[in-house]
Amino acid sequence: MHNVEPTVFTLDNGLRVSYLHDPSIVAHLGVVVKAGSRYEQENEEGLAHFLEHCIFKGTKNRRAFHVLSRLDSVGGELNAYTTKEEICVYSSFTTEHFKRASNLLADIMLNSTFPENEIQKEKEVVLDEINSYLDSPSDKIFDEFESYLFPNHPLGNNILGTVESVQSFQREDLIRYVDKFFYPENMVISFIGNIESKTVIKKLNADFGKFSHQKEPVSAVQASHIIPFFVNKSEANFQSHILIGGAAPGYNHPDRRVFNLIINLLGGPALNSRLGLSIREKYGYTYNIEANYTPFEEIGYWNVYAGTDPKYRVKTINLIYKEIQKFIEKPLTDGQLKKAKQQMKGHLALGMDNNAGLMLNFGKSLLIFNEIDTIAEIYEQIDRITTNDIQNVAAEFFKNDSLSQLSYTIK
């Protein structure tokens, strides 16, 4: 893996650009906007995600067919996603088609017209997406967990919205949302590819230079502390589904890296995670077992998910609590800590081996922190973590009386 160190440029209108030269034949270009679902007003639930769908449905210069075909016809890809904090539109293409990609993304972000007939069709698509998700308890439980963690707050709302909210959206709602959030200081462009920076910046200035400044920057409603809950529902089909978790450090918390290491060790992607070795390998209670950490700007949360046969439900829950408490009661040995650090560094390196994902990560980092840590800087932060750090952070966030639990059992 090359030493990944992007350069940050600023376009003439103030729009920031993360640029990384890479010798690959494939290039990646994306635009990340701080406009995710947490910025929605009370009557806008699901609007950010609906906008992500409708933004491809035609511009002042192109019909929907031409938007969708512009990159696909030359073997490229055009896509988008919405999170609680961002909307991202991005593309992958062979280097020779960079100008085509830049022009298309700028056209989509700046000139979308949201034709009425396309909006109505897309409502049906999103409603089908909502119904599909409602049919899947293993997906639904994560969103419901968030709704209990953040009641009466946009972070607790489902990104997809509700059937009622999606049906209520009008063209004016989409135009208003774009006008409110799509301005230079609230956006970042990210590029990785084998094109000189001077050429990239010149083209981006020409295509994205028409974005104008916003007089009143928009900020999100801050989330307060999390109140623990314990809920059991009869909603499962064949398996019992379990989520156990609680509050965690936000993006700007000094213990974010420490907590990342803990979650990685507890139930990260590795086959030898503590939960994997115990609940899956030793006892065979579950096929799916994982731990997740989701940081937001001012707060975060973590959870452990398990899907298991109902007869193993109680035993699985008890084992999860047991593994969580070990972080508080039993400090890691120097050898265990060293291995945990090596593993986390390896996961980071593997993640950076995917240029499309790397491009998006750079964009998000620049948008949130206004800077991008190099791999060397991240490794240095990991190296500084001590066994005391892990025990202290676990004691703060893994206390039994601060944990929440949501489970689905068979009707």
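This is a predicted model: local features need pLDDT of at least 70, side-chain atom pairs count only at pLDDT 80 or more; totals for chains, interfaces and linings use all residues.
When neighbours within four places in sequence are left aside, Phe208 is in contact with Leu11, Asn13, Leu15, Val31, Ser102, Leu105, Ala106 and Ile189.

Helix α3 also takes part in a helix–helix packing. Two packed helices are described by the angle between their axes and the distance between the axes. For α3 and helix α8 (residues 197–208), the angle is about 30 degrees and the axes are 9 Å apart. Because angles under 35 degrees count as roughly parallel, α3 and α8 are classed as roughly parallel to each other. Their crossing is right-handed. On the α3 side, the contact is made by Phe98, Lys99, Ser102, Asn103, Leu105 and Ala106, which meet Thr199, Val200, Lys203, Leu204, Asp207 and Phe208 of α8. By residue class, this contact divides into six nonpolar, three polar and three charged residues.

Asp107 is located in helix α3. Its relative accessible area is 4%, and since buried means under 20%, Asp107 is assigned as buried. Residues up to four places away in sequence not being counted, Asp107 touches Thr59, Asn61, Arg62 and Ser112.

Lys140 belongs to helix α5, formed by residues 137–149. With a relative accessibility of 17%, Lys140 falls under the 20% limit and therefore counts as buried. Apart from residues up to four places away in sequence, Lys140 touches Tyr133, Leu134, Glu235 and Tyr408.

Ala340 is part of helix α12, which covers residues 334–351. The relative accessibility of Ala340 is 4%, so that this residue is likewise buried. Beyond its neighbours within four places in sequence, Ala340 is in contact with Leu261 and Leu265. Ala340 and Ser273 are 67 residues apart along the chain, and a distance of 9.8 Å separates their C-alpha atoms.

Terms used. Residues are numbered from 1 along each chain as its sequence is written. Side-chain values use heavy atoms; hydrogens and water are left out. Contact means heavy atoms within 4.5 Å. Helices (H or I, at least four residues) and strands (E, at least two) are DSSP runs, numbered from the N terminus. Buried means under 20% relative accessible area, exposed over 50%, partly exposed in between (1.4 Å probe, protein chains only). Axes are lines fitted to C-alpha atoms, for helices over the stretch in contact, and angles run from 0 to 180 degrees between N-to-C directions. Angles under 35 degrees count as roughly parallel, over 145 as roughly antiparallel, 65 to 115 as roughly perpendicular and the rest as oblique. A crossing is left-handed if the near helix is turned anticlockwise from the far one by less than a right angle, and right-handed if clockwise. Ala, Val, Leu, Ile, Met, Phe, Trp, Tyr, Cys and Pro count as nonpolar, Asp, Glu, Lys and Arg as charged, and the others, Gly among them, as polar.
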